Amino acid sequence: WCASVKAQATVGDTAITIVPGDAQPTYFTQCDSDRQARDADLLAALTQVTGWRRRGEAIDFTGATPLRFRLMAN
């Protein structure tokens, strides 16, 4: 990540809403414009998430862009 963002998440049985706050640049990394654009795309996708479900060791978000995050198992 090129920035740090605090957000509010409202989670129900199968629904989720994510509302991010203002992005603050991180101080330990230098990011080029391509990396910044990818981060902005991911943040935009997270704000469009409408649902979620857990499948094994993964969390699937549904919305305009489906996203999958794997749980840390170490």
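**Charges, burial and an aromatic pair in a predicted model**

The mean positions of the 8 positive charges (Lys and Arg) and the 8 negative charges (Asp and Glu) of the chain lie 8 Å apart. This is a predicted model, in which local features need pLDDT of at least 70, side-chain atom pairs count only at pLDDT 80 or more, and totals for chains use all residues. Residues are numbered from 1 along each chain as its sequence is written, and side-chain values use heavy atoms, with hydrogens and water left out.

User: Why is Phe-61 called buried?
Analyst: Buried means under 20% relative accessible area, exposed over 50%, and partly exposed in between, with a 1.4 Å probe and protein chains only. Phe-61 has 13%, so Phe-61 is buried.

User: What makes Phe-69 count as partly exposed?
Analyst: The relative accessibility of Phe-69 is 35%, and therefore Phe-69 counts as partly exposed.

User: How many aromatic pairs does the rule give?
Analyst: The count is 1 aromatic pair. Phe-61 and Phe-69 form this pair, with 5.7 Å from centre to centre; the rule asks for ring centres within 6.5 Å.

User: Why is the pair of Phe-61 and Phe-69 called edge-to-face?
Analyst: Planes under 30 degrees apart count as stacked, over 60 as edge-to-face and the rest as tilted. The planes of Phe-61 and Phe-69 are 65 degrees apart, so the pair is edge-to-face.

User: What share of the chain's residues counts as buried?
Analyst: Of the 74 residues, 20% count as buried.

How values were computed:
The place of a charge is taken as NZ of Lys, CZ of Arg, CG of Asp or CD of Glu. Rings of Phe, Tyr and Trp (its six-membered ring) pair if their centres lie within 6.5 Å; planes under 30 degrees apart count as stacked, over 60 as edge-to-face and the rest as tilted.
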